[in-house]
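This report describes selected packing and strand-pairing features of one protein model. The sequence and the structure are shown first, and the account follows.

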Amino acid sequence: TVKAINKKGVASRYLYNGIYCYFVRAPKITSVKTVAGNAVEIKWEKANSFRYTVFRKEIGGDWEILHGDFGGTTWTDKTVENGKTYRYTIRVGTNKKYISSYIYENGDAITFLKAPEMQSITHTENEISFNWDAVEGATSYIVMRKTHGSSPSWEELAEVDSSVLEFTDDTADMQKSYSYTVRSNNEDGLGSYDGTGLEYIV
C-alpha cells in the first residue's frame, strides 16, 4: 500500500488491506526434444498444484499460446514444421490469469527435423530390405529395428549418410517378426521418426 505525506508531514489515509501479489516463479523446463510422430515434447518441473500455459515462438516472431490452463507437466507440440527453430516457455496460470513470473525472452529452443516417410519393405530367405524418402536438412539417418514380442523398444542398427535411402538387414532371424524405422539427424540433433515403421511378419 502507499500513503502520501505533504510538506508539513501530514500523512494521507491509505488502503488498509493494500493490494497483494502472489508470486510464483516461472516453471523450469527440464527437456525439449523431438519425438516420434513429427512432434516436439516439452517437459517442466511441477509448481505445487497449479495449472500451466505453454508458449511458443519462432525466430523473429512473438510468443503465442499453444495450450493453456491444464494440469500436466508434459506437452507435445504436433504443429511443428521441418527446418524451423522454435522456442518454448511455460507460465503458471489459474482461471486464465497468469500468476507466474516473467516469460523468459529466449526460452528453450529446438530446430525441428521431420521423420523420413517409410516406403516399402521386401525380403529374401536371408535378409530384409526397406527404403524411405529423403528429409531436407538431414545429414544422416539412424536405422532402427524392433523385435516383436521380446524387444519393446527400438534398437539402433546403423547410421547412414543422407545420400543413402535404403538399408538391408542381414542380421535378422528370419523366423522372427520385426518393425523397422528411420530417424533423421543433423548437427542440431536427432529428428523425428515413424513410431510404427514398416513390418516384417513371420
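## Strand pairing, cores and aromatic pairs

Glu41, a residue of β2, is the bridge partner of Lys33. The model that shows this pairing is predicted. β1 and β2 (residues 39–44) run antiparallel and are joined by six bridges. Both belong to an open sheet of three strands, ordered β1-β2-β5 with antiparallel pairing. Its edge strands, each pairing on one side only, are listed below.

| Edge strand | Residues |
|---|---|
| β1 | 29–35 |
| β5 | 74–77 |

From one strand to the next, the twist of this sheet averages 15 degrees.

The largest nonpolar core holds 19 residues, and the members that touch the most others are Ile128, Phe130, Trp132, Tyr141, Val143, Phe167 and Val182. At least two residues of this core come from each of β10 (128–132), β11 (140–147), β12 (155–161), β14 (178–186) and β16 (198–200). Apart from this core lies another, of 18 residues, including Val32, Val40, Phe70 and Ile90.

Leaving aside residues up to four places away in sequence, Ile128 has contacts that include Ile121, Phe167, Ala172, Met174, Tyr178, Tyr180 and Tyr200.

The aromatic pairs number eight. For Trp132 and Tyr141, the ring centres are 5.9 Å apart and the planes stand at 70 degrees; because an angle over 60 degrees counts as edge-to-face, this pair is edge-to-face. Trp132 and Tyr141 are both buried. Ring pairs also link these two residues with Phe130, Phe167, Tyr178 and Tyr180 in a cluster.

Notes:
Residues are numbered from 1 along each chain as its sequence is written. This is a predicted model: local features need pLDDT of at least 70, side-chain atom pairs count only at pLDDT 80 or more; totals for chains, interfaces and linings use all residues. Side-chain values use heavy atoms; hydrogens and water are left out. Rings of Phe, Tyr and Trp (its six-membered ring) pair if their centres lie within 6.5 Å; planes under 30 degrees apart count as stacked, over 60 as edge-to-face and the rest as tilted. Buried means under 20% relative accessible area, exposed over 50%, partly exposed in between (1.4 Å probe, protein chains only). Two strands pair if DSSP finds at least two bridges between them. Helices (H or I, at least four residues) and strands (E, at least two) are DSSP runs, numbered from the N terminus. Axes are lines fitted to C-alpha atoms, for helices over the stretch in contact, and angles run from 0 to 180 degrees between N-to-C directions. A nonpolar core is a set of buried Ala, Val, Leu, Ile, Met, Phe, Trp, Tyr and Cys residues joined through side-chain atoms within 4.5 Å. Contact means heavy atoms within 4.5 Å.
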